[in-house]
Amino acid sequence: MIRVGIIGVGTVGKSVADILKANRDVIAARAGKEIVVKKGVVRNLSKKRDVSIPLTDNPDEVLDDPEIDLVVELMGGVDEPYAVVKKALQNGKAVVTANKALLAYHRYELEQLAGDLPFEYEASVAGGIPIIKALREGLSANHIERIEGIINGTANYILTKMMQEGADFDAVLKEAQELGYAEADPTFDIGGFDAAHKLLILASIAYGIDAKPEDILIEGIEKITQDDIAFAKEFGYTVKLLGIAKKSGEEVELRVHPTLVPRDRMIAKVDGVMNGVSVVGDKVGETMYYGPGAGGDATASAVISDIIAIARGGKSSPMLGFKRPLEEGLRLARKDAMSAHYYLRLKVDDKPGVLAAVADRMGKEGVSIETMLQRPVRNEAATLLLATHACRESAMQRALEGLRNLEAVREEPVMIRIER
Ligand code: HSE
């Protein structure tokens with residue numbers, strides 16, 4: 001028998017307890033032993049909840065209980081769970097966490113502290129999709145060339161509704177919150193931070209890159225409007241918030257940003273609250289993983305897979321990641337080292353010479369325009385929607401600076417990267 005303590009019995013914690021009960025037969029058969037939840041820890045004991053496990057509001061009742069073999073951390077946040085996980089490991093307990101923010105900051109440290117103790121985190125990326133096990137085990141023969149992930153369901157839900165129904169950003173965000181997809185603070189979802197946390201975990205496994213969120217490029221979807229959606233539709237793209245890890249030579253680009261993706265690519269078809277991850281290995285080619293990235297039962301499915309793996313026999317297969325760096329000389333690329341095609345939206349004065357001035361600022365930095373749409377708007381203004389040929393990010397940033405300084409440019413330009 002393996003005895004479990006769950007710290008944080010919210011939606012996912014309740015699902016873990018419920019599924020362990022409902023699927024007890026199959027879980028025990030696969031684990032080779034009974035898995036019993038001895039105690040759950042909640043912040044507020046007086047809150048009514050429909051769970052069948054004994055509850056306490058004191059984490060030490062789990063952390064200091066010598067009978068508990070395994071701690072499941074489902075608290076959310078960074079500092080408190082860090083202290084809890086540390087103490088659990090110091091007390092010799094195996095740990096399973098779904099906490100991507102915790103791992104984004106402390107994964108190497110905790111991995112080291114765990115030593116030979118099992119420390120698993122399948123649910124931290126893309127909820128119910130077994131992407132950690134796919135990368136760590138199924139693809140372990142490959143050099144990973146590229147990962148592209150739709151790894152935030154809330155952002156994907158908002159963008160899908162904007163694309164398919166012409167919906168307004170704020171209204172769809174409210175809907176996503178009501179449906180329970182969003183983080184407690186939805187800026188984590190729409191600002192790209194939640195996706196960045198998950199991307200960093202994947203990048204550690206694939207490349208052994210020890211980066212923190214502040215080291216990588218993170219842009220959110222807040223500025224996307226129906227103008228951008230209209231351009232995307234006109235030119236055969238869809239708009240997605242992508243987490244991208246790309247190896248080129250000795251460098252790995254890590255970035256999260258709204259992206260124009262050709263609509264015939266598989267990843268462009270991952271819609272609504274669903275998650276999708278494409279992984280390209282040098283030997284296997286492109287592989288694609290699709291499924292629910294949020295929600296109690298889906299996330300609990302991943303949490304329990306970790307508990308079963310631990311119950312089967314100590315530490316899972318040797319870690320592919322969290323050893324830095326996996327390949328000699330591999331390092332994180334500078335934020336502006338990438339090259340891409342770019343889309344720009346500019347609100348400009350609608351008068352003679354403005355288009356020429358815009359093209360001139362871009363041309364000076366070697367940025368060449370590939371396609372363009374112009375839409376008149378009120379007050380003698382026009383919206384310019386254009387896409388460039390491939391250029392360096394650094395050149396695009398200089399071109400943007402030049403455009404900001406043009407008198408005829410009325411608002412902060414909006415730029416979206418294109419991944420073809
Ligand atoms: N807020 C996250 C999402 C939940 O929308 O994907 C799962 O991490």
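How many nonpolar, polar and charged residues make up the shell around the ligand? Here are some notes on that point and a few others, bearing in mind that this is a predicted model.

1. By class, five charged, four polar and three nonpolar residues form the shell around the ligand. Its members are Lys-100, Asn-152, Gly-153, Thr-154, Tyr-181, Ala-182, Glu-183, Asp-189, Asp-194, Lys-198, Gly-293 and Ala-294. Helix H7 (153-165) and helix H10 (193-207) each contribute at least two residues to this shell.

2. An N or O atom in the side chain of Lys-100 sits 2.5 Å from a ligand oxygen, and one in the side chain of Lys-198 is 2.8 Å from an oxygen of the ligand. The ligand taken alone exposes 260 Å², and the protein buries 91% of that.

3. On the overall layout, the domain assignment gives domain 1 (2-128 + 296-313), domain 2 (133-292) and domain 3 (339-418). Between the C-alpha centres of domain 1 and domain 3 there are 50 Å.

4. Do also visit the second largest pocket, with a volume of about 240 Å³. It is lined by 15 residues, of which Glu-219, Lys-223, Pro-413, Val-414 and Met-415 are the closest to its centre. Helix H14 (393-404) and strand E18 (414-418) are the elements giving two or more residues to the lining.

5. That pocket's lining takes at least three residues from each of domain 2 (133-292) and domain 3 (339-418). By class, the lining has eight nonpolar, five charged and two polar residues.

Note on methods:
Residues are numbered from 1 along each chain as its sequence is written. This is a predicted model: local features need pLDDT of at least 70, side-chain atom pairs count only at pLDDT 80 or more; totals for chains, interfaces and linings use all residues. Side-chain values use heavy atoms; hydrogens and water are left out. A residue is near a molecule or strand if one of its heavy atoms lies within 4 Å of it. A polar contact is a pair of N or O atoms within 3.5 Å; within protein, one must be able to donate a hydrogen and the other to accept it, and residues adjacent in sequence count only if both atoms are side-chain atoms. Accessible areas come from the Shrake-Rupley method with a 1.4 Å probe; for residues, only the protein chains shown count as cover. Helices (H or I, at least four residues) and strands (E, at least two) are DSSP runs, numbered from the N terminus. Ala, Val, Leu, Ile, Met, Phe, Trp, Tyr, Cys and Pro count as nonpolar, Asp, Glu, Lys and Arg as charged, and the others, Gly among them, as polar. Domain bounds come from an automatic or database domain assignment. On a 1 Å grid over the protein atoms alone, a cavity is a set of points where a 1.4 Å probe fits but cannot get out, and a pocket is an open set with protein on both sides within 12 Å along at least five of seven lines; lining residues have an atom within 4 Å of a point. Grid points are joined across faces, edges and corners, and a volume is the space filled by probe spheres set on the points.
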